[in-house]
Amino acid sequence: MIYDPERRTMPHTLLITGPGGSGRTTVAAATALAAARAGQRVLLLCADDPWAGGPAPAPDRLRLARIDSGDEFRTELAALQERGATLLSMLGGSPLGAEELTELPGAEQFALLRGLRRAASTPATDLVVVDMPPLHQALTTLALPAQLRRYLARLLPAERQAARALRPVLAQLAGVPMPAQWLYETAARWDEELAAVQAVVEAPTTRVRLVAEPGPAADAALRTGTLGLALYELPVHDLVANRLVPRDSADPWTAGLAAQQEKYLAQWRQETPVVPLAHLGRDPEHPGELAGAEGLAPSPGPGPAPAARPGWTVEDRLAEDGVLVWAVPLPRARKSELDLVRRGDELHLAVGPYRRTVSLPSALRRCTVSGAALTDGVLRIRFTPDPQLWPRAR
């Protein structure tokens with residue numbers, strides 16, 4: 001866990017994302033501005049300066065942290081080359097110069113994760129507002145730390161390091177550091193960094209704010225994205241309904257669009273709190289121009305308790321049905337997009353384009369999967385105790 005050295009607690013983190021073209025970047029900046037005006041000390045983490053060409057408002061309470069994926073990539077690769085200089089020399093390779101380095105696909109995701117880790121440890125900060133990429137890319141990025149840590153644990157298990165005490169001796173005999181030692185040291189450093197980011201993503205003070213313009217395309221994207229959020233147990237703080245047109249317009253086209261927006265708004269309000277933002281009739285030139293932007297300031301109070309997160313719960317039905325039931329909330333899921341596989345003490349669950357592997361709770365490890373059913377947005381997986389493993393009553 002990362003802590004603020006002044007407050008000894010992790011600041012609140014609000015991740016702003018939504019379907020592409022929804023205005024999430026402007027809403028992220030407006031959220032940071034509204035929170036700063038409400039008295040919170042805010043750090044806005046984004047790739048571009050939303051106040052370019054003009055002075056940043058509330059400079060005493062609102063700070064900006066830029067994400068430069070190109071610079072992050074060059075710095076990280078240069079450090080990796082320096083640490084592996086001996087190994088590169090052994091293999092006959094030559095290091096790349098700084099002027100040769102261009103960022104590779106995926107560099108943006110890792111730069112964002114490193115920026116998120118640094119922002120969570122920034123002193124004198126009450127709220128970190130993060131301008132995330134579009135919803136699908138944001139979800140895959142937030143899932144990366146846990147996924148990569150699992151890959152490292154499988155490919156380079158810690159128990160194989162038991163013989164590391166012999167490596168210095170072997171290195172002296174060979175005259176160079178052993179590659180295996182360098183590999184394990186690098187993996188350990190990566191795991192430590194990934195664990196720090198994972199702690200921020202999974203903290204009870206981290207929430208997601210969705211931004212969407214009501215309509216059929218946005219609703220479809222939100223349905224799929226909400227499934228991913230539920231699968232990764234990321235709580236939704238609210239949904240900003242952006243660019244709402246007047247409902248009482250005399251223009252038939254505007255009135256028809258307003259009716260369509262109201263249809264989806266009514267549905268969204270049944271699922272999550274909605275913050276409405278009116279259409280300006282033009283693109284805003286400044287985040288503070290958003291009508292109703294003052295309502296974007298999140299509560300400065302504590303975030304949801306761990307029990308309030310959309311977690312997976314185990315229901316004890318041994319007395320009634322002889323099974324334990326693992327309840328997984330998956331709102332608006334469809335049976336056709338679900339896939340479930342158990343391998344050993346792990347459960348592999350796929351929901352649409354998203355996949356997650358979780359370790360079974362200790363009680364379920366002594367059971368066999370006997371069925372699953374999706375009802376009212378909850379996947380209930382039934383586990384029957386294995387007589388060979390389940391403790392017998394005396």
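These questions and answers concern salt bridges and nonpolar cores in a predicted model.

Visitor: What makes Asp 191 and Arg 149 a salt bridge?

Guide: The N to O distance between their side chains is 3.0 Å. The cut-off is 4 Å, so the pair qualifies as a salt bridge.

Visitor: Why is this pair said to tie parts together?

Guide: Asp 191 lies in helix α7 (residues 179-201) and Arg 149 in helix α5 (residues 135-155), so the bridge links parts 42 residues apart in sequence.

Visitor: Why is Asp 191 called partly exposed?

Guide: Its relative accessible area is 27%. Buried means under 20% and exposed over 50%, so Asp 191 falls in between. Arg 149 also has 27% and counts as partly exposed.

Visitor: What makes Glu 346 and Arg 150 a salt bridge?

Guide: Their side chains meet at 3.1 Å, N to O. That is within 4 Å, so the name applies. Glu 346 lies in strand β11 (residues 346-351) and Arg 150 in helix α5, so the pair ties together parts that are 196 residues apart in sequence.

Visitor: Why is Arg 150 called partly exposed?

Guide: Arg 150 has a relative accessible area of 23%. Buried would require under 20% and exposed over 50%, so Arg 150 is partly exposed.

Visitor: How many salt bridges are there by this rule?

Guide: The count comes to 13.

Visitor: Which residues have the most contacts inside the largest nonpolar core?

Guide: That core has 60 residues, and Val 130, Leu 234, Trp 268, Trp 326, Leu 330 and Phe 383 have the most contacts inside it. A second, separate core has 24 residues, including Ala 32 and Val 42.

Conventions:
Residues numbered from 1 in each chain as written. Predicted model: local features only at pLDDT ≥ 70, side-chain atom pairs only at ≥ 80, totals over all residues. Heavy atoms only, no water. Core = buried A, V, L, I, M, F, W, Y, C linked by side-chain atoms within 4.5 Å. Buried < 20%, exposed > 50% of the residue type's maximum accessible area, 1.4 Å probe, protein only. Helix = DSSP H or I, 4+ residues; strand = E, 2+ residues; numbered from the N terminus.
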